[in-house]
Number of protein chains: 2
Amino acid sequence: MPERTPADAGARQLHLNAFLMSTGHHEASWRLPESDSFAGTQVAHFQQLARTAERGAFDSIFFADSPVLHGDVRQRPYGTLEPTVLLSAIAAVTKRIGLIATASTTYNDPYNLARRFASLDHISGGRAGWNVVTTAGEAAARNFSLEDQPAHWRRYERAAEFLDAARKLWDSWEDDAAVGDKAAGVWADSSRVHPINHTGRYFRIQGPLDVPRSPQGHPVIVQAGSSEDGKDFAARYAEAVFTAQQTLAEAQRFYADLKRKTAAVGRNPEHIKILPGIVPVIGSTEHEARRLEKQLDELIHPEHARKQLAGVLRVSPESLPLDAQLPEDLPSEDAIEGAKSRYTLIVELARRERLTVRQLIGRLGGGRGHRTFSGTPEQVADAIQEWFEKGAADGFNIMPPVLPSGLDTFVDHVIPILRSRGLFRHQYSGRTLREHYGLPRPENGIAPADSAEAAETERAVPAAV
Amino acid sequence: MPERTPADAGARQLHLNAFLMSTGHHEASWRLPESDSFAGTQVAHFQQLARTAERGAFDSIFFADSPVLHGDVRQRPYGTLEPTVLLSAIAAVTKRIGLIATASTTYNDPYNLARRFASLDHISGGRAGWNVVTTAGEAAARNFSLEDQPAHWRRYERAAEFLDAARKLWDSWEDDAAVGDKAAGVWADSSRVHPINHTGRYFRIQGPLDVPRSPQGHPVIVQAGSSEDGKDFAARYAEAVFTAQQTLAEAQRFYADLKRKTAAVGRNPEHIKILPGIVPVIGSTEHEARRLEKQLDELIHPEHARKQLAGVLRVSPESLPLDAQLPEDLPSEDAIEGAKSRYTLIVELARRERLTVRQLIGRLGGGRGHRTFSGTPEQVADAIQEWFEKGAADGFNIMPPVLPSGLDTFVDHVIPILRSRGLFRHQYSGRTLREHYGLPRPENGIAPADSAEAAETERAVPAAV
């Protein structure tokens, strides 16, 4: 790789997010001798990980979420702490790193959720981010008095109205509304605190929010869906996108497409940061990295994983011998309902790399469709640099296969290389998550118009009285 | 007062909760020179208060809450951080003190809220409590797509079903379900993780919860409504009750009534702790205490407060001269819709103590209907001891008029007296909030029956196949 030096400091810089998950992203990571099987409910574990990521000057940490127990608890640690609550405990022991929580627009109310994110943003001094999800699956629906999930388009329609309403709520206090004038006995200028009177297809919300505007104005909006609806939503609302891309060519296409879509709705394409996921399996030699990958893959129950794979591919488990490649006569993608992009990703991955079913299971167990990359710290840094410089990424969503060791290794061995090449910050220059990602603080969208109107009303009233 | 010595250590002990609120409970506290007007959104302020309360070995701290901006932001700091998120950041900097958040059963979903409290209980190591409220008022309803609030009885009916569903969710994992058997590759015993299949008038919830059972099993359930519906709900569900009582006789009646109601539904009346509120205005002399009270009362805008009082009493502000007592010809309580107990409390307080409107405004501004007590630390300790020993209280909800100074004074000057009298712990003996309050850890209500059923099903299946 051609080196960039710190002298290039003004040059474009990588953004790195640490995607945290109990003992790591590899589904068998909890079985390693080094792992604490019960780490998933231990706040100290996550506080330690966040401090490690902050030591590495990561832009942010991130938790996925779904309001349903969706996996088989025999196989790996499922059942996770609610992210906004967990991140608040992490905010208390960190200073700079961004804190991104996933939350569903299908199974929350805008008022409550907007308030929780505003609270987290106050508590963290402007470090909150929200990964907006619409939550697929009937199992989640059945935790919320529904028989089945709302249709895909309807979930996205609700998500868009939810975001619009949340943004109005975040803007319902002008930034300088609270004045704290002790002498006059005026705590806030009530003409700068506005009802939102939102009326839409899904919600009617009077407002204002019962918390003043937060340090960032709005939390950073993150999105991770890759369907067409998801990309349209991202183009309109997202400021960072987490995405699963297996090859440089695919990642370049996705990157160009989403930047173009973002420009097409009138937004600055630099204000949407695209971060493909990468599961870095790091060894001091290539051989050591491969050995760790193999050790992990061998801890997966092949029969259970084969059954899961057969379910996704809509074939019988018996038609998938472990040491053969996928059969030629799989269903066509058109016949698959509901998880098309995952189906296609899996089949294409297997065909492209001529993987046996056993190898495919290992690859999926490692990153659930995200790109796994095994190698030395130099090789991992090369892989990151290549995509970054070839128009495939603004940065990466780092998904360590094993935690905490995989994050320690990345911070201690990969980040110094990225820094020496002038690709990544040596320390934080900003204080908020928006500053880390180079995103603007949102203007207050509700206040100017309403204030003008209120001012006009105030002028009008005396004349009329 | 007769002294009790530490030798009485086996004797019944007070329980103390610190009710925290931005710059204090007196509505003009933010105007004092010592106060930080913007403390309400600063996590460091609340973390400091929690550490002070923990230094005093308080059982718990507590935040009120309502999902609506219900006050006039000109008058005092309104707009508060969401309590479950705030308490998580406080959990991170404390070790023993209980953490009680208010949350509404009318404007939340059981699945999401049960999960947030389970998460807070995990994060705090068993220190979470939930003050269950049904949230009166049409303004809150209008933040949740409703025109008006559901009827009182309907809110309580929903609350009861909400609690039943939440308890099933908290019990959906048996305590020992997660086994972490690395060698066998079994993370949890899935036969010990149960769907709840709740079906009621308000909710259908499949479950299980997506977080393992928490250290306390259930958060401590707190209740603060004083209507008949509220008391019935408390008798059935509450483990601690915060209540506003102005006189010893009233407090004794309330105490005896609620203990009797609790026994009547088959619960141990010792497992419901009754804590009247007290606003202690403390001075090193009586004179100094009265001066602080007067200083605070004089900072209230009398005109604004008179308008608010007139609204509660359903009369015109002009009919309430500031330096006269309340007029004789007030509406009868029967004519008041919706806030009967508050109306009666205010009128009785004014008549009993022959307060002028100005004095009444001061009293209400200090504690919103809770008992204000001004005096020296000895006198405050006497007042606490008297109610505690005369069957009016199991402890107190301490509502400092000014924060942080009012809590510092209480911890440094009142608590040592209570300790020297053998009435209050010198240090924590337990680790969880349940242990502080002397409450049992709930048995798992769902598991035994379901397990038996599951075991039977397992036995039945092979025979049938």
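Guide: Let us begin with a pair of helices: H2(A) passes H2(B) in a right-handed crossing. A crossing is right-handed if the near helix is turned clockwise from the far one by less than a right angle, and left-handed if anticlockwise. Helices (H or I, at least four residues) and strands (E, at least two) are DSSP runs, numbered from the N terminus. This is a predicted model, in which local features need pLDDT of at least 70 and side-chain atom pairs count only at pLDDT 80 or more, while totals for chains, interfaces and linings use all residues. Residues are numbered from 1 along each chain as its sequence is written, chains are lettered from A and ligands numbered from 1 in the order in which they are written, and side-chain values use heavy atoms, with hydrogens and water left out.

Visitor: At what angle do the axes of helix H2 of chain A and helix H2 of chain B cross?

Guide: Two packed helices are described by the angle between their axes and the distance between the axes. Here both helices span residues 83–91, and their axes come within 7 Å and cross at roughly 35°. Axes are lines fitted to C-alpha atoms, for helices over the stretch in contact, and angles run from 0 to 180 degrees between N-to-C directions.

Visitor: Which residues of H2(A) and H2(B) meet?

Guide: Thr84(A), Val85(A), Ser88(A) and Ala89(A) meet Thr84(B), Val85(B), Ser88(B) and Ala89(B). By class, this contact of H2(A) with H2(B) has four nonpolar, four polar and no charged residues. Ala, Val, Leu, Ile, Met, Phe, Trp, Tyr, Cys and Pro count as nonpolar, Asp, Glu, Lys and Arg as charged, and the others, Gly among them, as polar.

Visitor: How much area is buried between chain B and chain A?

Guide: The size of an interface is often given as the accessible area lost when the parts come together. Between chain B and chain A about 6,000 Å² is buried, of which carbon and sulfur atoms give 55%. Buried area is the accessible area (1.4 Å probe) that two parts lose on being put together, summed over both. In chain B, Lys182(B), Trp187(B) and Arg204(B) lose the most area to chain A, together 13% of what that side buries. In terms of contact (heavy atoms within 4.5 Å), 77 residues of chain B are in contact with 77 residues of chain A.

Visitor: How many salt bridges does the rule find across the interface of chain B and chain A?

Guide: A salt bridge is a side-chain nitrogen of Lys or Arg within 4 Å of a carboxyl oxygen of Asp or Glu. Across this interface the rule finds four salt bridges. One joins Asp65(A) and Arg115(B), with the closest N and O atoms 2.6 Å apart. The largest share of the side of chain B that touches chain A, eight residues, comes from H3(B).

**Within the chains**

Visitor: Which residue forms a salt bridge with Lys261(A)?

Guide: The partner of Lys261(A) is Glu228(A), the closest N and O atoms being 3.6 Å apart. Lys261(A) lies in helix H7 (residues 248–264) of chain A and Glu228(A) in helix H6 (residues 228–237) of chain A, so the pair ties together parts that are 33 residues apart in sequence. Over all chains, the structure holds 66 salt bridges.

Visitor: What should be noted about the backbone?

Guide: Most residues other than glycine have a negative phi, and most peptide bonds are trans. A cis peptide bond, however, joins Gly207(A) and Pro208(A), with omega about -5°. Pro208(A) lies in the loop between strand E8 (204–205) and strand E9 (220–223) of chain A. In chain B, a cis peptide bond joins Gly207(B) and Pro208(B), where omega is about -5°. As for phi, Asn197(B) has a value near 45°, which is positive in a residue other than glycine.
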